[in-house]
Amino acid sequence: MTAALRILWNVASYRLARLEMANMGGALVIMLALRLPAAEVAVRLGFAFLLNLLVYLNNDYLDLDADLRSPGRDDPNTRYLHHHRGAAVSAQLGLLAVLAALALAWDPGLFVPLVFGGGVCWLYSARLKHVPCADIPAMAIWGAAMLTVAFPPTHAAGWALALLLGLDSAVFETIQVIRDHDADARTGVRTTAVALGVPRTLLLARVLLVVGAAAAALAVHPLAAIPPVLAVTLPLGRPDRYWNQIRLLLGLAFLAAAAWVYLHGATAGLLVRCSAGGCALTPDL
């Protein structure tokens with residue numbers, strides 16, 4: 001038990017320090033935009049934290065051998081995990097049991113992020129992150145699925161915001177594989193960037209930004225499309241700097257979308273309305 005708790009602490013402290021549980025922040029923004037009660041927010045945030053612990057521990061467990069060969073990840077925490085593999089498995093099973101029990105007790109809709117968010121993350125860690133043209137769609141699905149923790153599955157406005165962040169996740173993964181292109185190519189890891197090359201992968205990122213802008217304009221408001229459109233015009237330059245610029249612009253777009261939902265009625269949701277001029281998502285006010 002002590003070893004399992006220490007492993008969970010190591011995972012939480014490492015990932016939080018690297019801001020790698022940012023989906024919890026996105027989930028909180030969605031819950032505030034939907035004006036969920038305080039008790040609902042507390043339970044769903046707790047569920048999101050435990051789910052993040054599960055998926056990141058699973059990722060570290062599956063990547064253990066590779067991390068031990070990497071100077072950047074061969075640290076005391078990695079070696080502790082290596083020497084306590086059984087405790088790591090027990091910790092994962094324990095988290096899974098707690099999450100399932102919480103979903104049954106509070107809202108069965110929480111099985112959506114557990115099954116799809118957790119399941120896609122497991123597939124990504126086990127295989128898909130090394131499969132060209134599968135790594136990016138996997139992260140898009142994962143990004144959206146993890147955010148369904150923030151709302152009941154019947155809430156259309158929640159789905160709209162989660163799907164927008166799913167598209168953002170695809171953009172971030174595209175930039176991530178560009179950043180890792182040289183290291184991955186040297187070690188024989190085939191990602192989308194290694195398979196397509198940096199220029200075509202950058203073009204893919206820009207196409208995804210255009211898709212995200214169109215989705216934001218259609219599902220929320222045209223003003224929410226401005227930041228991703230601006231992002232399309234940015235040069236790659238240094239990948240780390242480009243990464244931060246894209247995160248800032250897409251973060252602003254998401255906050256604008258969430259603010260629109262908040263101001264126009266949290267319980268209203270969005271509906272597809274069609275006329276002779278075509279179809280659009282509009283607020284059900």
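**Entry 1: helix 7.** I began with the residues that helix 7 keeps from solvent: Pro-113, Leu-114, Gly-117, Gly-118, Val-120, Cys-121, Tyr-124 and Ser-125 are buried. I note here that the model is a predicted one. Next I looked up what covers these buried residues, and found that the cover includes helix 3 (38-62), helix 6 (85-106), helix 8 (135-147) and helix 9 (156-179). Helix 7 itself runs over residues 111-126, 16 residues in total. From its first C-alpha to its last I read 21 Å, close to the 22 Å expected at 1.5 Å a residue.

**Entry 2: helix 12.** I turned to residues 198-219, which form helix 12 with 22 residues. Its end-to-end C-alpha distance is 31 Å, close to the expected 32 Å. I listed its buried residues as Thr-201, Leu-202, Ala-205, Leu-208, Leu-209, Gly-212, Ala-213, Ala-216 and Ala-219. Viewed down the axis of helix 12, these buried residues fall within an arc of 150°, so they line one face of the helix. I recalled the general rule that an α-helix has 3.6 residues a turn, so residues three or four places apart point the same way. On the face turned away from the buried side of helix 12 I found the exposed residues Pro-199, Arg-200 and Leu-203.

**Entry 3: helix 2 and helix 14.** How do the axes of helix 2 and helix 14 cross, and at roughly what angle? I found that the axes of helix 2 (residues 22-33) and helix 14 (residues 239-263) come within 8 Å and cross at roughly 25°. Helix 2 is therefore roughly parallel to helix 14. From helix 2, the contact is made by Gly-26, Val-29, Ile-30, Leu-32 and Ala-33. Helix 14 contributes Phe-254, Leu-255, Ala-258, Val-261 and Tyr-262. I sorted the residues of this contact into nine nonpolar, one polar and no charged.

**Entry 4: Glu-20.** I located Glu-20 in the loop between helix 1 (2-17) and helix 2. Is Glu-20 buried or exposed? Its relative accessible area is 19%, so Glu-20 counts as buried, the cut-off being under 20%. Setting aside neighbours within four places in sequence, I found Glu-20 in contact with Arg-15 and Tyr-56. I also checked Ile-226, 206 residues from Glu-20 along the chain, and their C-alpha atoms are separated by 26 Å.

**Entry 5: Asn-52.** I placed Asn-52 in helix 3. Asn-52 is buried, with a relative accessible area of 0%. Not counting residues up to four places away in sequence, Asn-52 touches Met-21, Asn-23, Met-24 and Met-146.

How values were computed
Residues numbered from 1 in each chain as written. Predicted model: local features only at pLDDT ≥ 70, side-chain atom pairs only at ≥ 80, totals over all residues. Heavy atoms only, no water. Helix = DSSP H or I, 4+ residues; strand = E, 2+ residues; numbered from the N terminus. Expected span 1.5 Å × (residues − 1). Buried < 20%, exposed > 50% of the residue type's maximum accessible area, 1.4 Å probe, protein only. Arc of directions from axis to C-beta. Axes fitted to C-alpha atoms, helices over the stretch in contact; angles between N-to-C directions. Parallel < 35°, antiparallel > 145°, perpendicular 65-115°, else oblique. Contact = heavy atoms within 4.5 Å. Nonpolar A, V, L, I, M, F, W, Y, C, P; charged D, E, K, R; others polar.
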